[in-house]
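Hi,

Here is the structure I promised to pass on.

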Amino acid sequence: MCGNLERSLLGPAAATVLIIEWSDLDARLGLRDSGRWGRDVVPDILTTSETRLQGLVRQLESAPSGSVLVVVPP
């Protein structure tokens, strides 16, 4: 996701749409991995998700001035 976002922001695209799924924030939140966690790993999921979101924010903030950005959160 981050690589595609970077290519879109640097390319000639007229607009960038970022659709975020739960599994983009932490794979354990996806349907395929949802059985791999319980109360003991929730703090790690929160930390991982926060780190991913902060990285996305940094990427979006570095977009060229006048860029059209649409973000669809989970």
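This is a predicted model: local features need pLDDT of at least 70, side-chain atom pairs count only at pLDDT 80 or more; totals for chains, interfaces and linings use all residues.

Ile45, Ser49, Gly55, Leu56 and Gln59 are the buried residues of H3. Around the helix axis they take up an arc of only 125 degrees, so they lie on the same side of H3.

On the face of H3 turned away from the buried side you will find the exposed residues Leu46, Arg58 and Glu61.

The length of H3 works out as well: its 20 residues should span 28 Å at 1.5 Å a residue, and the end C-alpha atoms are 28 Å apart, which agrees.

Gln59, in helix H3, may be worth a look on your screen. Its relative accessible area is 16%, and it counts as buried because that is under 20%. Leaving aside residues up to four places away in sequence, Gln59 touches Cys2, Leu5, Glu6 and Leu9.

Then there is the surface. Val17, Ile19, Val68, Val70 and Val72 make a nonpolar patch of about 410 Å². Strand E1 (16–19) and strand E2 (69–72) are the elements that give two or more residues to this patch. Val68 sits in the loop between helix H3 (42–61) and E2, and its 45% relative accessibility makes Val68 partly exposed.

Best wishes

Technical notes
Residues are numbered from 1 along each chain as its sequence is written. Side-chain values use heavy atoms; hydrogens and water are left out. Patches are made of residues with over 30% relative accessible area and no salt bridge: like charges are joined within 9 Å, nonpolar side chains (Val, Leu, Ile, Met, Phe, Trp, Tyr) within 5 Å. Accessible areas come from the Shrake-Rupley method with a 1.4 Å probe; for residues, only the protein chains shown count as cover. A salt bridge is a side-chain nitrogen of Lys or Arg within 4 Å of a carboxyl oxygen of Asp or Glu. Helices (H or I, at least four residues) and strands (E, at least two) are DSSP runs, numbered from the N terminus. Buried means under 20% relative accessible area, exposed over 50%, partly exposed in between (1.4 Å probe, protein chains only). The expected span of a helix is 1.5 Å times one less than its number of residues. The arc is that of the directions from the helix axis to the C-beta atoms. Contact means heavy atoms within 4.5 Å.
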